[in-house]
Amino acid sequence: MFALGRYQDVSTIQRALHTAKTIAVVGLSGNELRASNFVGYYLKRHGYRMIPVNPRESEVLGERSYPSLTDVPVPVDIVNVFRAPSALPQIAREAVEIRAKTLWTQFGVINEEGARIAEEGGLTVVLDRCLKVEHARYVGRMHWLGFNTQRITSVRGGLQ
């Protein structure tokens with residue numbers, strides 16, 4: 001049986017988030033209603049260099065889009081995948097070829113062969129986790145309403 005939990009280690013996730021500077025988003029859509037677009041926007045807004053990888057787009061969120069990972073002209077720290085699970089083995093091969101540091105797949109993108117290819121190629125692998133959600137959780141910007149109130153409790157000042 002495939003042990004998905006080993007690809008969701010908290011310290012691995014935190015290390016990837018804190019050390020990354022450049023994130024290639026495979027499957028990033030120009031459609032503002034798609035989750036990939038929202039995540040790309042979030043990453044860019046939080047200081048990451050975000051690189052769209054989608055052969056159907058020429059530009060997304062003001063950034064040039066590349067047809068494949070092997071066309072990206074700069075080093076990539078995290079390859080964030082918004083594609084069908086069946087596409088993951090090929091994406092993992094490309095991530096290994098460009099010497100990315102981490103292969104990270106969004107919710108539902110689970111493929112054992114893709115994970116194995118990336119691991120054997122020396123990449124850290126995170127599967128079935130949203131990069132935006134994990135960033136918000138571990139960098140301290142998450143609150144039940146989606147923003148950081150700098151409070152641990154809902155009790156407001158003035159109560160004894």
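**Exercise 1.** Which of the 25 residues in the largest nonpolar core touch the most other members?

*Solution.* The structure is a predicted model, in which local features need pLDDT of at least 70 and side-chain atom pairs count only at pLDDT 80 or more, while totals for chains, interfaces and linings use all residues. Residues are numbered from 1 along each chain as its sequence is written, and side-chain values use heavy atoms, with hydrogens and water left out.

A nonpolar core is a set of buried Ala, Val, Leu, Ile, Met, Phe, Trp, Tyr and Cys residues joined through side-chain atoms within 4.5 Å, where buried means under 20% relative accessible area (1.4 Å probe, protein chains only). The members that touch the most others are Leu-69, Val-79, Val-81, Ile-91, Ala-95 and Leu-103.

**Exercise 2.** Describe how helix α3 packs against helix α4.

*Solution.* The axes, lines fitted to C-alpha atoms over the stretch in contact, come within 8 Å and cross at roughly 10° for α3 (residues 88-97) and α4 (residues 112-120). The two helices are therefore roughly parallel, a term for angles under 35 degrees. In contact (heavy atoms within 4.5 Å) are Leu-88, Pro-89, Ala-92, Arg-93 and Val-96 of α3 with Glu-113, Gly-114, Ile-117 and Ala-118 of α4.

Notes
Axes fitted to C-alpha atoms, helices over the stretch in contact; angles between N-to-C directions. Helix = DSSP H or I, 4+ residues; strand = E, 2+ residues; numbered from the N terminus. Parallel < 35°, antiparallel > 145°, perpendicular 65-115°, else oblique. Buried < 20%, exposed > 50% of the residue type's maximum accessible area, 1.4 Å probe, protein only.
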